Amino acid sequence: MRLVLVGPPASGKGTQADRLTARYGVPKISTGDMLRAARAAGTPLGKEAEGFMNAGKLVPDQVVIGLVDERLNADDAKKGFILDGFPRTVPQAEALGSLLERRGTPLQCVLQIDVSRDLLVERATLRRIDKRSGQIYHLKYNPPPPGAELEHRADDQEETVKRRLDEYDAMTAALLPYYEKLGLLRRVNGVGSPDEVTARIQSELER
Ligand code: AMP
């Protein structure tokens with residue numbers, strides 16, 4: 001299982017990535033998580049990345065490519081991986097191709113979780129989190145019980161969600177055609193319950 005998972009904010013990508021790692025016994029490799037850990041630990045790389053991350057900008061390609069290269073050497077990645085949040089640019093995708101070619105383990109699939117923009121905005125703007133339990137609710141589809149202490153995350157506010165969706169569209173505008181040309185791109189309908197989406201992904205991967 002050597003997979004890149006791509007999906008817009010609120011597409012359920014995080015949930016599906018967790019389920020896939022459990023099912024296939026391969027690690028999720030998230031450059032966002034690795035960069036946040038480096039930033040928190042105050043490593044030289046973390047310090048270099050910090051300014052870009054805080055400004056909401058992409059960290060330079062060389063930095064994330066180096067991180068992924070090193071991470072792929074770890075024992076747990078020998079069986080495969082699910083990449084999340086990488087690659088984000090065509091140069092990153094090209095570098096990933098070379099890294100994997102060098103190891104003789106080419107990418108098998110780039111899986112895109114597809115959800116319409118209107119539904120994504122609705123999902124995020126109606127999403128609420130119980131501050132005490134961390135439980136996530138949706139005011140329409142999964143209403144919270146009475147007495148829940150609800151919070152609406154700053155990055156789930158409508159304007160922020162729309163901006164993040166614009167960024168996603170700009171990012172994937174070149175990346176998805178790149179993988180389509182290579183014959184690696186597959187799309188899965190992300191509308192439905194998490195279980196329904198998981199079932200679709202599995203049948204696509206095991207096809
Ligand atoms: P994420 O959690 O994937 O949204 O990543 C958080 C932040 O880390 C992003 O806003 C970027 O600043 C940085 N980052 C994560 N992955 C990459 C990547 N592949 N290329 C460049 N910057 C990245």
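Arg128 stands opposite Tyr137 of β6, and that pair is a handy way into this predicted model. The two strands involved are β5, residues 127–130, and β6, residues 136–138, which pair in the antiparallel sense over three bridges. Together β5 and β6 make a hairpin with five residues between them. Look in the turn for Gly134, which has a positive phi of about 80°.

To find the spot, go to Ile129 and look across to Glu151, its bridge partner in β7.

Now move over to the open sheet. Five strands build it, in the order β2-β3-β1-β4-β8, and here the pairing is parallel. At the edges sit β2 (28–30) and β8 (185–189), each of them pairing on one side only. Going from one strand to the next, the twist averages 25°. Inside the sheet, β1 and β3 run parallel and are joined by four bridges. One place to check this is Leu5, whose bridge partner in β3 is Asp84.

α2 covers β2 and β3, running at about 60° to β2. α7 lies across β1, β4 (109–114) and β8, and its angle to β8 is about 125°. Is Thr172 buried or exposed? It counts as buried, because its relative accessibility is 6%, well inside the cut-off of under 20%. Setting aside neighbours within four places in sequence, Thr172 is in contact with Val6 and Pro177.

Back to α2, this time for its meeting with α4. The axes of the two helices come within 11 Å and cross at roughly 100°. That angle falls in the 65 to 115 degree range, so α2 and α4 are roughly perpendicular to each other. Which residues make the contact? From α2 come Thr31, Met34 and Leu35, and from α4 come Val64, Leu67, Val68 and Arg71. Sorted by class, that gives five nonpolar residues, one polar and one charged.

That leads on to the packing of nonpolar side chains. In soluble globular proteins, such side chains tend to be buried together. In this model the largest nonpolar core has 30 residues, and the ones with the most contacts inside it are Leu72, Leu83, Leu96, Leu107, Val110 and Tyr179. Who supplies this core with at least two residues each? The list is β1 (2–6), α2 (31–41), α3 (44–54), α4 (61–72), β3 (81–84), α5 (90–103) and α7 (158–181). Of these, α4 gives the most, with six residues.

Not counting residues up to four places away in sequence, Leu96 touches Val4, Val68, Leu72, Leu83, Phe86, Pro87, Leu107 and Tyr179.

Terms used
Residues numbered from 1 in each chain as written. Predicted model: local features only at pLDDT ≥ 70, side-chain atom pairs only at ≥ 80, totals over all residues. Heavy atoms only, no water. Pairing = 2+ DSSP bridges. Core = buried A, V, L, I, M, F, W, Y, C linked by side-chain atoms within 4.5 Å. Buried < 20%, exposed > 50% of the residue type's maximum accessible area, 1.4 Å probe, protein only. Contact = heavy atoms within 4.5 Å. Axes fitted to C-alpha atoms, helices over the stretch in contact; angles between N-to-C directions. Parallel < 35°, antiparallel > 145°, perpendicular 65-115°, else oblique. Nonpolar A, V, L, I, M, F, W, Y, C, P; charged D, E, K, R; others polar.
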